[in-house]
Amino acid sequence: MNDGPLIVQSDKTLLLEIDHPRAADCRRVIAPFAELERAPEHVHTYRVTPLGLWNARAAGHDAEQVVDALVSYSRYPVPHALLVDIADTMARYGRLQLQKHPVHGLVLSTTDRPVLEEVLRSKKIAPLVGARLDPDTVVVHPSERGQIKQVLLKLGWPAEDHAGYVDGEAHPIHLEEDGWQLRPYQKQAVEGFWHGGSGVVVLPCGAGKTLVGAAAMAEAKSTTLILVTNTVSARQWKHELVKRTSLTEDEIGEYSGTRKEIRPVTIATYQVMTTRRKGVYPHLELFDARNWGLVVYDEVHLLPAPVFKFTADLQARRRLGLTATLVREDGREGDVFSLIGPKRFDAPWKEIEAQGYIAPADCVEVRVTLSDSERLAYATAEPEERYRFCSTTATKRRVVESLVRKHEKDQTLIIGQYIDQLDELGEALDAPVIKGETTNAQREKLFDAFRNKEISVLVVSKVANFSIDLPEATVAIQVSGTFGSRQEEAQRLGRVLRPKADGHMAHFYSVVARDTVDQDFAAHRQRFLAEQGYAYRIVDADDI
Amino acid sequence: MTTQQSGPSRARAAAPRTLAEELRARSDEALSGLLRARPDLLNPVPGDLTQLSARLSSRASALRALERLDRFTLQVAEALAAAPDGSSDTVVRNLLAGPARVKPHQGAEPVDRAAVTAALPGALETLRARALLWGPDSALRLVLAVREALAPSAANPGRTGLGPTVAEATTGMSPARLQELLAGAGLPATPDPVTAVAALAGLFTDRKRCAALLEQAPAPALALLDRLVWGPPTGTLPDAARPVTAEQAHTPLEWLLARGLLLPSGPGSVVLPRELALYLRGGRSHRAVEPEPPVVEPAAERDPAVVDATAAGQAYTAVRTVEELLEGWGLQPPPTLRAGGLGVRDLKRAALALDCSEPVAAFWLELAYGAGLLAPDGEADEHWAPTPAYDGWLQDPVAERWEVLARGWLAATRVAGLTGSPDAKGRPRAALGPELDRTLAPSVRRAVLGLLADLPPGGTAGADRLMPPLRWQRPLRGGATGPDGRDLREHLTDWTLQEAELLGITGRGAICTAARAMLAGGDPAAVLDKLLPQPLDHVILQPDLTAIAPGPLLTPLSQALSLCADIESKGGATVYRFTAESVRRALDAGRTASDLHAFLAQHSRTPVPQPLDYLIDDVARRHGVLRAGAASSYLRCDDPQLLNEVLADRRAAELRLRLLAPTVLAAQAPPDTLLTVLRAMGYAPAAESAEGDVLITRPDSRRTPPRSAPVPVPDGPPRPDDALLGAAVKAIRAGDRAATAVRRETVAGPAANMPQSGPARTDLRQLPRTAAADTLAALQTAVLLGERMWIGYINAEGIASQRVVDPVKVEGGFVTAYDHHADEVRTFALHRITGVAEVDDPA
C-alpha cells in the first residue's frame, strides 16, 4: 500500500485528496485524461471517460503515461481490468486517420485493417466513403469530413484528422498590448489551441475567454467568423476586439437580427444562424460567404444543433471553441469533440482564483419561510405552477430589500426568471429592469450607467445570463431560476467573479423558499457550486 | 477353493504365490498406505486380507486407482500389460526405453534411457504400494483387473497402440491354417497348434531371423506394416480370414497374410501381432516415454510486492462483493427455481447490482454458496437468503473472512464456470443450480495452484503452459470432452486461473504469499492481514453533502453511514452522499438529529460543513411532524394549519381525509397508502403505534434457518485419517488370522444341506450365507478354476431360490454363469446372491 493522494474507484472515478503533499503533482499528471467532475473542499473527483482518454491521445499522451500516472499516485492497487480497459480505449484512437491525398483529395486510412473492415461494414459509414484505393485506404468525399468523424466517434473508433487546414483569406490582425498583457494561462491556452490546430479551450467565466479568442485571431492573421450567443454579447466582442487588437470598427461586421454586415471579421449570433424559414436556414450560407481562416465558437456548450450540422462541413477551417464547461445538458459532448475538436486547454476556477484573476466569492443561501396562507396556497397549486408560486413569493421581496440595504455601497445585480417578480422588485427597489423586451440601445445605456456607478442596483432577467460584461458587479442576488440548471448557476456566478478593483470579495445570494420545490432546485444548484469548490452557507431570512 | 489356491501353476517357490499372500507379508504401515491411497477399499472395512485383495482386484476399484497415476507410472503399467505376466523389471525397462544396442523405429521419439532407469523403481514402487502390481522385481505381476484394462487387443489397442499377441490373434484358427502359416514363414511343421503358435511368436521375437524374413518382403508390404507400427494396429480388408498360402500370394497384403505377419482379427480386418510390432518398433512399447513431468517455465515475472498488493486489493474486493451481494439478498431474497438454482433474470439483476458481467456474478454467488453463507431458505415458497453463518462471518476480520471464502472455493466441487452452458437436454444450466458439481474441480484447482506455487515468487504461467504438466500428472482424468474439442480439465484450468485472480489468490497472474501459505497448510489470514488496507474510523465530510471514506471503514461505522447516506461510488474508497431521503431513513430507523450530529462530528476528520447540519436539521424538523396511525388510520398533527394544508391538497383526495379535530385527521385508507401518498406530496409523516409512540421501521433482513455449506460431491470416499487407518489395518489383520478356519465352516456348512435337485423356492434360512466379500472372492476363484458353485439367490420379486451355477465372468457387480437348473447362461446381480458354497462336482 503506497501513500499516494489518489484513489481509483471501480466506476472509473478518481478521488484526489487535495491536502496531500503530492496532490498538486498528481493533478498535473491526471488532468490531461481525466475530467474534473467535482472540486469540493477536500477531495476532488475526476472521471476517466473514453472521450477524456481520446483527448489525451490527441494531445500526445500515450496509454503507458496514463497507466503510470494512476499506478504511481494511487493509494491502493489499481484494478488490473481498469488498466487494461484504459489501454484498450486509448488504442482505439488513431487506428483510423483522415489524410490528404494528392489525387483523391481526402482519404481514410488505417494502421489496422480489421478496424477499417469493421467500420466500412457500418451502414452509416457506407454512404460517406468512395472507392477503396487499397486494402488500407478508402476515399472520403471532402464534404463528409465532419460527418465521418462524428459517425466514427459513435462507432468507438475516433479518427485522427491529419488532413490539415486551408489558410483562408489573409487579414492582418495583431494584439495591441498597451497597459495590459495576456495572462500566462491565456497564452498557454492559445498555444495549446494553435499547436493542435482546432479544439476547445475551457476557462471559467470571467477568466478572459474573449482575449483568448482575440489572441487566436492575431495568431491566424486571417478573416474570422465569430459565433456568439446573442446580440449583446456580439457588441461586447466587437468592443473588446477594437480595444485590444489592431482591428478597427469598420473591419468588424455584426450579423444579427437587425444588421447583416459581412466584414473581414464577422460576429454572428446563434439565433440568426438558426432562424428557419420554410424548412431552410437562410443564414447558414454566411459560413460560405467568405473564405474564413478561423471560426470561433463562443459558449460551445450552447451550440445549437443546426450549427453542428453546418460545422461538419467546415472541417478544413481552423475552429476554436470557448466555454466554461464541457458539460452539455443535451449530452452532445461527443459532437463537440469530433466536430470542433478535442479539449486543448483546461484550468479549474479555483486555480485561477488563487492566481487572483477572478474574485473570490461568498455564496449564501437565504431561506425564507412562507406564511401560513402562502403554504396553503402552495399546497393547492397545480404542479406546473408550484415552482413559480414558491419562487416568486412575496416574502422574498423583503429579504431582497434588506440584502440590498446591507450592500448599498456595492454594485448589485438582482437576477430572476419571472418578469412579474422582477417588475415588482424593480418597483420596490426603485431600480431599472432589463428583460427580453428591453431594446438593445436601452440595455447598453443601462449597462453603461451601471458600469459608471450612476445606478447601483440593476434587476435583470435571464437575458443577462450570458456574456454581458458588468465589471463592477460585486453582489448578485438570485431570486428565481430555470429550475435546477447548473449551467445557469455557473453563468450567474460568473457575473460577480470579475476581479474587483479594490480586490474585495464578491457576494452571491440565492433567496430560497423553505420546504418547497424551490429549495430542492436550489439544492441542486448549490451542489454544483460546492462541487466547484465554493463553500456556501445557509442563513435564515430572519438573521439578515 | 480359496484364493490362495488360484493360479498355482504360475506360482514360484521363493515369491508369494498370491496377492493376498503378499499383502499378508506387508508391514502395517504399507497396508495403511494402501488404504490411504485407495480409500474406496475401506467402505466397508474388509474383514480380512482375502476380502481386501478381492475387493482391490475388482474392476471398478482398479480403474479408480489407475486414474490416479501419473503418465510415467501408467506407461510402466501399460508396458507390463503388454509383456507376459511375470516379466522382470528389465523387460519393462527395455519396453519403455528400447533394448540397448537396438536401433529404434524412425517414428519413435528419442528417450532418455538414464531417466527411465532412474524413474522406473519409483513407478514400480507406486504401483506396488497401491496393490496394482505384486511380486518381486524379477517376476512382476499386474492385478488381473489392471491387466485386463490395459492389455492391448485388436479392439482396444490402448495408448501403446499394440495389437494382440500371436497366441491371442490365432485363437480359433484351424490347425491346418496354422501349419500353412508356418510353412509360409519358412518354419518347420510342428505337431500341434500350441507349438505352432510358439514357433511363430519365437520367429518374431528373434531379431535376426525376423530381419531375414522381412528382407524378402516386397517394399509395398513393408510400407503396409509401417503404417500399422504405432497403432492402431488393425486395418480393414474384406475376406481377411480367407486362407492364402505363400504360393497363392500376389499382392503385398497377401504376401503378409500368407506368412502370419498380419493375422485376421475379424471377418473384415487384419491385425499386426504384438510381437512383430515390437520388433518393428525396435522393442519400444510407447512412441514417446516421459519419465519426468514437463517443467513449467514462468511466462513473466512480476514484482512479488506488486503481486501481493494486487492480490490483497482483490481479496478485499472479494470479501466486500460477497457482503454487498448478501446484504442485498438479505433484504430482497430472489426465488429459487423449481428445479433448483437461480433464474436468469435474477442473475442479471445481481450482475447489475455488483456492476460486473454475469459469469463473474455467478462466480460470486457460488463463492458465497460454497462458503455456507447463502442457501435456499427451505420454505414452501423458496428463496435464496443469507444463512445465520453469514452473520457470524460478518463479525470476523476481513482476512479471516477471505480465508473462509478461499478455502470454500478450493474444496468446492461446484463449478461456476458451467453456468449458462447447455445441459444434457440443451437447456442452459442455472446459476446455483443442481448440475454444477464436477468431482474433478477441486483436484484441478489444487494442481493448478500447486504448479503456480512451484514457480519462483512472482512467476506467472497461463493455461497453455500449465496444461502439459497437468496432463502428465493425471493422464486419465481429463473429464468429458465438449463440442469444442476441449476437455473439462482444460475449461477448469481456465476457470481456476480467472477465479483465482478474482478471489485474490493470484495477483497479476502470480500466486500471492497468503495463498502460498494456505496451500502449504499455514495461516493465510495472518499473512493477508498485514497486506490489507487497515480499516479506518473516520471519513471526510464535504460541503457538497458527500462523505468520503478514503479506505475501508470499520464495519459498525460503514453500517451506520450506509443507513444515513447513499453510496455513490465504490472502490478503494467509498463515496457517500447525504440526501433528504437518506437522512429520513436514519430518522425512521430511530436515530435522532442530535445522534446524527454527534456521530458525524465524532467520525469526521474535517469540520462538519454547515449545509450538512442544515440538511439534518431540516429533515429532522419536518420528520415526525405528521403522524399517521396504523391501527385506526388517522393523521394527527400539532399544527392545525398543516392539517388544513393536507386536507386542502387535491392529491390527498384518494385518502378521503376528514378533519376530526384541529390536530387530527382521519383517513379512509390503510396506513401504508396514507404514508406513501403523504410522502409523495412532499411531507415527512411518521407512523405511530397504538400507544402513540413513533414506530421505528427498519426493513427486516431475511435469514434462512441454520444451513451448512454444500458438501462437496465426493470424488470417492473421504480421505481416511490415521486413527481410522490404524483401526482398519488391525481389524483386517485380526479377521485374517481368524479367517481360514471360520470360512471353511461357513462355506462348507450350507453345502451339506444342499437339495439334491431342482430349483426351489426356498426358505430363506436354508440359503447359503457368506459375507459379500467372501462371495465375491469365491466366485472370482470359481471363474479362474472353472469350478461349479451353489448359490442362494433372491430375485427381483424377492423370491429366494438356490441354484447350481458355473460362473463364467464376474464384472461390474454381476455374475455371468451357466445355470444348471435353467439350463442356460444367466446374469445374477452380485448383491442379490445371499451366499455361495462349494458343490461336490459329480464329474
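What share of the contacts in chain B with a separation of 6 or more comes from residues 24 or more positions apart? The answer is 68%, and it opens this set of close-ups of a predicted model.

**View 1. Chain B, from end to end.** Here's chain B, with its 843 residues, 43% of them buried.

**View 2. Chain A, from end to end.** Now for chain A, which has 544 residues, with 49% counted as buried. Its tally is 21 helices and 23 strands. If you take the contacts in chain A between residues at least 6 apart in sequence, 72% of them join residues at least 24 apart.

**View 3. Where chains A and B touch.** The contact takes 31 residues from chain A and 29 residues from chain B. On the chain B side, four elements each supply at least two residues: helix H16 (304-331), strand E12 (540-542), helix H29 (610-622) and helix H30 (640-648). Sort that side of chain B by class and you get eleven nonpolar, ten polar and eight charged residues.

**View 4. Strand E18 of chain A and its partners.** Zoom in on E18(A), residues 411-415, and you'll find that five of its five residues are buried, so the strand is largely enclosed by the rest of the structure. Gln411(A), Leu413(A) and Ile415(A) point one way, while Thr412(A) and Ile414(A) point the other. One partner is strand E21(A), residues 473-478, which pairs with E18(A) in the parallel sense over five bridges. Look for Ile414(A) standing opposite Ile477(A) there. Another partner is strand E20(A), residues 457-460, running parallel to E18(A) and joined to it by four bridges. In that pairing, Thr412(A) stands opposite Val457(A).

**View 5. Strand E14 of chain A, covered on both faces.** In E14(A), residues 294-297, Leu294(A) and Val296(A) sit on one side and Val295(A) and Tyr297(A) on the other, and all are buried. Strand E11(A), residues 224-228, runs parallel to E14(A), with four bridges joining them. There, Leu225(A) has Val295(A) as its bridge partner. E14(A) also pairs with strand E15(A), residues 318-323, in the parallel sense over four bridges, and Val296(A) stands opposite Leu320(A).

**View 6. From strand to helix to strand in chain A.** Follow E14(A) on to helix H12(A), residues 305-311, and then to E15(A): together they make a right-handed β-α-β unit.

How values were computed: Residues numbered from 1 in each chain as written. Chains lettered and ligands numbered in written order. Predicted model: local features only at pLDDT ≥ 70, side-chain atom pairs only at ≥ 80, totals over all residues. Buried ≥ 20, exposed ≤ 12 C-beta atoms within 10 Å, placed from the backbone. Pairing = 2+ DSSP bridges. Contact = placed C-beta atoms within 7 Å. Nonpolar A, V, L, I, M, F, W, Y, C, P; charged D, E, K, R; others polar. Right-handed = clockwise from strand over helix to strand, strands pointing away.
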